[in-house]
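Please look over the sequence and the model before reading on.

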Amino acid sequence: SCCCECAYTPLIFFIFALLCRLGIRLRLSCMLAATLPLPSPRGSVTCKSPAGLMAATTDSAAAGPQMICIDSDDEAFAGQAGQEWPDAPAQELNCTLLLPQGRTPSSASGSVPKLGAMEGSFFISLGSGWLELRQSGGGGRDAAAAYVATTSVSGIEVLPDNRTVLLRFGHAVQLGHLWAAAIAILGLLPATGVGVGAVLATLRFWLPHVAVTPNKLALARPVVNTPGFMTLRWDGIELTSRDIDLLGEERCLNDSVMDFFLKLVVEVLAPPELREQMHVTSTFFFQKLTSCGVESGEEGWQNVRKWHGNLKDGLLSQDYIIVPINEQNIHWWLLVVCFPRRALEQTPLDGLPSGCHPRIVCLDSGQEPPPKARATSFLRGYLWREWRERHPEAAAAAGSIHKLAAERLPRSLQLRAIEADVPKQQNGYDCGLFVIEYLMTFFRSRSALKGLGWAPHQHWFGQGVVSHRRRRLRKIAEVLRNIAVQRSEPDVARLLQDAALRSKVREMLGDLPKEKRHKAPDAEESRLYSDGRPPKRAASLAAIERARSQLQQ
């Protein structure tokens with residue numbers, strides 16, 4: 001209950017902090033978090049830790065918690081004896097510190113000034129809420145030290161040299177006697193023999209609340225192709241053997257699997273005319289939009305302003321914007337923005353059906369999904385800023401972003417949020433697969449997008465279809481992997497140029513589970529129930545009739 005959560009929250013925090021100090025890494029269950037509401041302005045209470053949310057229910061306690069970490073590189077190694085993550089977190093890091101030379105840009109600017117190395121070697125370790133930077137000195141002790149609060153770190157990047165790790169701070173920080181000026185960024189150059197992967201692994205362990213820039217992270221994770229396996233690549237997305245293992249039973253999907261198969265669904269199943277009207281963002285888009293301590297989508301626009309340069313007029317050129325969101329790193333759900341330009345430009349909608357009206361639709365498979373106000377507010381702010389930057393005169397005349405949800409506008413022109421009545425998951429690990437299945441439904445049914453959010457959608461599919469889809473996605477990954485090995489070609493885009501392979505993938509991706517065959521009714525049941533009812537129900541009703549007849553006799 002809510003009261004129990006309030007009473008035990010301090011105790012849970014204390015236990016979690018103690019375990020972290022002992023070097024034990026907790027993996028949180030998607031099943032537990034999917035059933036709990038996240039913190040909302042109305043004051044809903046949940047137990048929160050730096051690694052995610054923690055909760056215990058009667059059913060899960062009896063069966064034992066399922067330990068899963070969705071967005072973790074060592075996920076596939078969980079529970080496998082004798083295997084360790086190649087880049088395990090270290091107790092301390094030995095690095096050269098790189099400081100900005102000249103004017104220091106703001107953390108959110110995204111630019112990197114010229115960096116200069118400080119003299120000497122430094123050891124970085126984790127304290128109780130801070131990073132300790134100790135300069136190695138003579139006599140076996142450190143000559144100087146500085147302390148940086150972990151909460152001040154807002155971002156982690158890998159620079160193009162694939163060697164330097166950059167820390168960004170939400171506000172300017174001081175390094176005490178090490179450096180006089182305040183800094184907003186700090187470069188870490190690993191010492192000889194220390195790989196950048198080890199530095200990233202350690203920082204991600206120390207700073208679980210900080211997002212790592214995805215497009216540069218791939219540069220820091222060199223792929224080793226084991227015999228009989230080749231890593232699949234597709235427009236910067238990599239699908240490794242560990243990623244494919246996540247398609248096994250009772251596993252949560254990570255960002256690589258989600259990005260790969262969302263792209264595959266659009267490439268293979270989307271009708272050409274719909275593909276021109278729709279854009280599916282990266283799973284990192286919303287994470288980056290909300291990073292670096294920004295408080296609104298208008299501020300977050302700066303973080304992702306260059307992400308969709310391949311689109312002529314940016315995201316606003318699309319009628320449908322599909323945004324997969326990973327809530328608190330534990331639960332996937334889908335956000336769909338329909339006809340955003342019509343709300344921004346206040347286009348008259350006279351004569352248009354409701355399916356053509358602007359709206360933001362949230363599709364969440366959780367039985368008790370978290371509040372959506374923050375996510376929809378960020379997307380609304382981002383779209384407003386994107387339109388304002390491209391049409392400054394029209395934006396100035398339109399006024400404030402708050403008009404997008406203001407009651408003084410016609411209701412049809414408000415970019416309002418709707419939580420759709422969609423199929424729900426019956427377990428704690430299929431949330432990612434439900435997101436993929438939602439997208440596939442848009443392409444299977446022409447009316448799915450047009451009526452999105454206006455009518456119940458429970459009839460789309462059931463849990464059985466999603467369980468079947470998991471097995472088919474794994475089979476598709478294995479087929480692509482085997483052909484990539486045979487042809488020595490890891491690029492999936494080139495592989496799909498083969499018409500026969502493309503057709504096979506389309507067939508495997510779009511098939512549905514075979515329905516179970518029911519026993520045919522006997523002659524008496526057929527005579528009594530010849531009105532077309534299902535045989536199983538007819539047999540039950542026939543049994544009731546026979547029992548009633550016997551009682552009367």
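R134 has a relative accessibility of 16% and therefore counts as buried, where buried means under 20% relative accessible area, exposed over 50%, and partly exposed in between, with a 1.4 Å probe and protein chains only. E132 is likewise buried, at 18%. These two residues form a salt bridge whose closest N and O atoms are 3.9 Å apart; the term denotes a side-chain nitrogen of Lys or Arg within 4 Å of a carboxyl oxygen of Asp or Glu.

The model is predicted, so local features need pLDDT of at least 70 and side-chain atom pairs count only at pLDDT 80 or more, while totals for chains, interfaces and linings use all residues. Residues are numbered from 1 along each chain as its sequence is written, and side-chain values use heavy atoms, with hydrogens and water left out.

**Salt bridges**

The search of the whole structure finds 21 salt bridges. Three of them are listed below.

| Residue pair | Closest N to O distance |
|---|---|
| E132 and R134 | 3.9 Å |
| E437 and R444 | 3.0 Å |

Helices (H or I, at least four residues) and strands (E, at least two) are DSSP runs numbered from the N terminus. E437 has 0% relative accessibility, whereas R444 is partly exposed at 37%. R469 is buried, as is E437. A network of salt bridges joins E437, R444, R469, R472 and D511.

Strand β10 covers residues 183-190, and seven of its eight residues are buried. It pairs in the antiparallel sense with strand β3 (residues 92-100) over four bridges, and with strand β9 (residues 165-173) over five bridges, also antiparallel. Two strands are taken to pair if DSSP finds at least two bridges between them. Within β10, G187 is the bridge partner of L98, and L186 is that of L167.

Helix α4 (residues 196-206) is mostly covered as well, with eight of its 11 residues buried. Among them are V196, L203 and W206.

**The protein as a whole**

The protein contains 20 helices and 17 strands. Of its 553 residues, 48% are buried. The accessible surface comes to about 27200 Å², and carbon and sulfur atoms account for 52% of it; such areas come from the Shrake-Rupley method with a 1.4 Å probe, and for residues only the protein chains shown count as cover.
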